[in-house]
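Please read it alongside the sequence and the coordinates.

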Amino acid sequence: KCKAAVAWEAGKPLSIEEVEVAPPKAHEVRIKIVATAVCHTDAYTLSGADPEGCFPVILGHEGAGIVESVGEGVTKVKKGDTVIPLYIPQCGECKFCKNPKTNLCQKIRITQGKGVMPDGTSRFTCKGKQIYHFMGTSTFSEYTVVADISVAKIDAAAPLDKVCLLGCGISTGYGAAVNTAKVEPGSTCAVFGLGGVGLAVIMGCKIAGASRIIGIDINKDKYAKAKEFGATECISPQDCKKPIQEVLVEMTDGGVDYSFECIGNVGVMRAALEACHKGWGVSVIVGVAAAGQEISTRPFQLVTGRTWKGTAFGGWKSVDNVPKLVTEYMSKKIKVDEFVTHTLPFDKINEAFELMHSGK
């Protein structure tokens with residue numbers, strides 16, 4: 001028995017409840033969650049817009065904790081290990097895991113999308129009702145159960161209230177720059193949306209040696225932070241007399257080498273592609289748009305040498321790379337502490353969502 005933030009129905013605040021978390025079955029791991037972050041993806045599902053959203057559910061997918069117990073057949077982790085739960089697992093056996101071009105392990109995709117464990121059942125109950133899992137992680141609970149392929153063992157010395165962010169946002173943005181776009185030294189980049197993911201993209205572009213990184217956001221309060229992370233300049237589309245893509249093309253003598261959309265807005269996705277340089281510009285979609293939305297541009301944009309790409313979890317093979325990202329943080333190669341603006345007790349989780357929605 002422990003506390004969890006339960007989403008009983010779409011569009012309502014989370015409710016702190018006592019839940020029961022069943023022991024792990026074969027190839028499952030029960031984790032004591034020490035810290036969790038909030039992400040727009042949690043809010044998207046809570047809003048009711050997610051076609052895969054099931055209720056009642058325990059949301060959360062950016063967490064870190066300690067293994068409390070393991071089920072039969074678990075060999076990669078043991079009780080007491082420090083871990084980060086993974087919403088994209090890595091089984092090492094499916095054709096996706098065996099292909100170096102992708103990180104999208106499909107081993108438990110169908111059951112994960114239905115909000116249950118791989119055997120089709122839930123480990124959570126509250127007031128006698130079954131509660132669904134979320135993204136295979138459900139980190140908004142003091143204890144959670146995950147598949148053994150959905151957990152990365154990390155350095156025990158890592159501060160869990162910081163490295164939980166490597167479970168989604170920071171890894172996603174950083175990987176979008178270094179893995180998906182493969183930003184090169186001396187290149188010019190544009191980053192649309194300066195939230196946590198956008199800042200991580202800026203950090204990745206800077207580490208990759210980009211010479212010019214333009215941050216784009218309508219919220220000017222975000223500019224100072226973006227510059228700390230490596231943005232060379234920031235602009236607001238609301239200050240421009242022309243469409244933002246035209247402004248960027250003029251500013252950069254033909255367009256940027258790489259652009260990144262970190263919002264989930266299909267209109268901005270188009271602008272990001274069209275801000276790219278003819279012949280070689282690459283635009284990466286990082287933000288998740290709402291269900292049923294479609295992207296559009298003139299095919300000539302692609303015929304004349306631009307590339308449109310997407311990324312999930314920054315292209316990282318999760319089990320292999322999350323421990324390495326923690327090591328990069330511990331050796332100060334990547335920033336993590338600087339992404340944290342507020343630290344709240346668990347029962348103030350709804351306030352955390354309000355802070356996120358207000359851009360603070």
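Between domain 1 and domain 2 of this predicted model, six residue pairs are in polar contact, with both residues of each pair at pLDDT 80 or more. Salt bridges are absent from this boundary, the count between domain 1 and domain 2 being zero. On the side of domain 1 that touches domain 2, the residues divide into twelve nonpolar, one polar and four charged.

- The domain assignment gives domain 1 as residues 2–167 together with 317–358, and domain 2 as residues 170–312.
- The C-alpha centres of domain 1 and domain 2 lie 28 Å apart, and the contact takes 17 residues from domain 1 and 16 residues from domain 2.
- About 1400 Å² is buried between domain 1 and domain 2, and 66% of this area is on carbon and sulfur atoms.
- Within domain 1, the residues that lose the most area to domain 2 are Y44, K335 and F339, which together account for 38% of what that side buries.

**Salt bridges**

- The structure as a whole holds 16 salt bridges, although none of them is counted between domain 1 and domain 2.
- K25, E28, D119 and R123 are linked with one another in a network of salt bridges.
- D81 forms a salt bridge with K78, in which the closest N and O atoms are 3.2 Å apart, and D81 counts as buried at 7% relative accessibility.
- K162 and D161 meet through their side chains in a salt bridge with an N to O distance of 3.1 Å, and here D161 counts as partly exposed, at 38% relative accessibility.
- E250 and K242 likewise meet in a side-chain salt bridge, at 2.4 Å from N to O; E250 counts as exposed at 54% relative accessibility, whereas K242, at 37%, counts as partly exposed.

**Cysteines**

- A search of the whole structure finds zero disulfides.
- C2 takes part in no disulfide, and the nearest cysteine sulfur, which belongs to C126, is 10 Å away; C2 is buried, with a relative accessible area of 6%.
- C205 is also in no disulfide, with the nearest cysteine sulfur, that of C189, 3.7 Å away, and C205 counts as buried at 0% relative accessibility.
- The 3.7 Å between the sulfurs of C205 and C189 does not qualify as a disulfide because the pair would have to lie within 2.5 Å.

Key: Residues are numbered from 1 along each chain as its sequence is written. This is a predicted model: local features need pLDDT of at least 70, side-chain atom pairs count only at pLDDT 80 or more; totals for chains, interfaces and linings use all residues. Side-chain values use heavy atoms; hydrogens and water are left out. Domain bounds come from an automatic or database domain assignment. Contact means heavy atoms within 4.5 Å. Buried area is the accessible area (1.4 Å probe) that two parts lose on being put together, summed over both. A salt bridge is a side-chain nitrogen of Lys or Arg within 4 Å of a carboxyl oxygen of Asp or Glu. A polar contact is a pair of N or O atoms within 3.5 Å; within protein, one must be able to donate a hydrogen and the other to accept it, and residues adjacent in sequence count only if both atoms are side-chain atoms. Ala, Val, Leu, Ile, Met, Phe, Trp, Tyr, Cys and Pro count as nonpolar, Asp, Glu, Lys and Arg as charged, and the others, Gly among them, as polar. Buried means under 20% relative accessible area, exposed over 50%, partly exposed in between (1.4 Å probe, protein chains only).
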